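I am opening my notebook on this model. I will look up a few residues and write down what turns up.

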Amino acid sequence: LNTDVISAQTELAAEPADTDEFMVSDAGVLKRIDYSLIKGGGKVLQVAQASISTSVSSTSATFVTAGFTATFSSLSSSSSKILCTLAGGRISYGDAAVDPNKMSVTLYSSIDGATATDIMSSAPFSHYDLYSGGGGFSYSHAGCFLYSPSTTDSVAITPYYRAVNDYGTPYFNHLSTSGEASNIPATVTLTLMEIGA
């Protein structure tokens with residue numbers, strides 16, 4: 001081979017596609033191999049976030065939107081997974097005579113603008129319950145879910161919540177009016193990370 005057979009070619013300025021091929025020597029025998037067989041997996045490819053800092057409540061026994069959405073305009077590969085993490089809020093304590101209100105939280109996904117569907121309904125623990133504030137009480141939010149959308153289209157994920165049993169009116173993000181942290185803003189954030197296969 002000429003010494004410029006590689007350097008004379010157009011430079012690839014991005015990560016190779018899965019079907020891009022390389023030439024290797026397999027114990028002295030020249031062979032070609034797809035990039036998909038040698039690339040590393042498990043790295044974070046992109047991150048998206050959305051948050052809410054206002055108080056949201058509902059007495060609905062069916063899921064309603066929490067009012068904020070994190071979106072990827074596209075995914076790098078249909079084999080990617082999305083790690084969804086919901087965290088934030090604040091913990092404060094007020095009127096001990098007021099029982100905290102319980103809610104169930106899940107995540108809905110819309111792919112390429114389609115109707116959003118519950119992506120946690122088939123999980124081993126389909127939704128997670130938490131106490132969400134009542135009167136002077138506020139409780140922090142925390143939860144995560146690994147989602148396999150099997151697409152390269154846009155993916156929009158929105159937290160949804162509902163009241164549980166007879167626990168009163170749950171606040172998805174409770175801004176308490178009493179207690180030791182009543183004047184501190186509360187924010188709940190949804191973080192999405194696309195994880196390469």
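**Entry 1: Leu146.** I began with contacts, meaning heavy atoms within 4.5 Å. Setting aside neighbours within four places in sequence, I found Leu146 in contact with Lys81, Ile82 and Leu83. Leu146 and Ile82 are 64 residues apart in sequence, yet 5.8 Å apart in space, C-alpha to C-alpha. Leu146 sits in strand E11 (residues 141–147). Strands (E, at least two residues) are DSSP runs, numbered from the N terminus. Leu146 counts as partly exposed because its relative accessibility is 48%. The cut-offs I used: buried is under 20% relative accessible area, exposed is over 50%, and partly exposed lies in between (1.4 Å probe, protein chains only).

**Note on the model.** This is a predicted model, where local features need pLDDT of at least 70 and side-chain atom pairs count only at pLDDT 80 or more, while totals for chains, interfaces and linings use all residues. Residues are numbered from 1 along each chain as its sequence is written, and side-chain values use heavy atoms, with hydrogens and water left out.

**Entry 2: aromatic pairs.** Next I looked for rings of Phe, Tyr and Trp (its six-membered ring) with centres within 6.5 Å; planes under 30 degrees apart count as stacked, over 60 as edge-to-face, the rest as tilted. How many aromatic pairs did I get? The count came to 2. Phe22 and Tyr35 form a tilted pair, with 6.2 Å centre to centre and 45° between the planes. Phe22 is in strand E1 (residues 21–26) and Tyr35 is in the loop between E2 and E3, 13 residues apart. Is Tyr35 buried or exposed? Tyr35 is buried, because its relative accessible area is 14%. Phe22 is partly exposed at 35% relative accessibility.

Tyr108 and Tyr160 form a stacked pair, 3.8 Å centre to centre, with 20° between the planes. Tyr108 lies in strand E8 and Tyr160 in strand E12 (residues 155–163), so this pair ties together parts 52 residues apart in sequence. Both Tyr108 and Tyr160 are buried.

**Entry 3: Ser110.** I stayed in strand E8 (residues 102–111), where Ser110 is placed. Ser110 is buried, with a relative accessible area of 14%. I noted that the side chain of Ser110 reaches the backbone oxygen of Ala114 at 2.4 Å. Not counting residues up to four places away in sequence, Ser110 touches Ala116, Ser154, Val155 and Ala156.

**Entry 4: Leu37.** Last, I checked the loop between strand E2 (29–34) and strand E3 (44–52), where Leu37 lies. Leu37 is exposed, because its relative accessible area is 65%.

Technical notes: Helix = DSSP H or I, 4+ residues; strand = E, 2+ residues; numbered from the N terminus. Polar contact = N/O pair within 3.5 Å; in protein donor to acceptor, adjacent residues only side chain to side chain.
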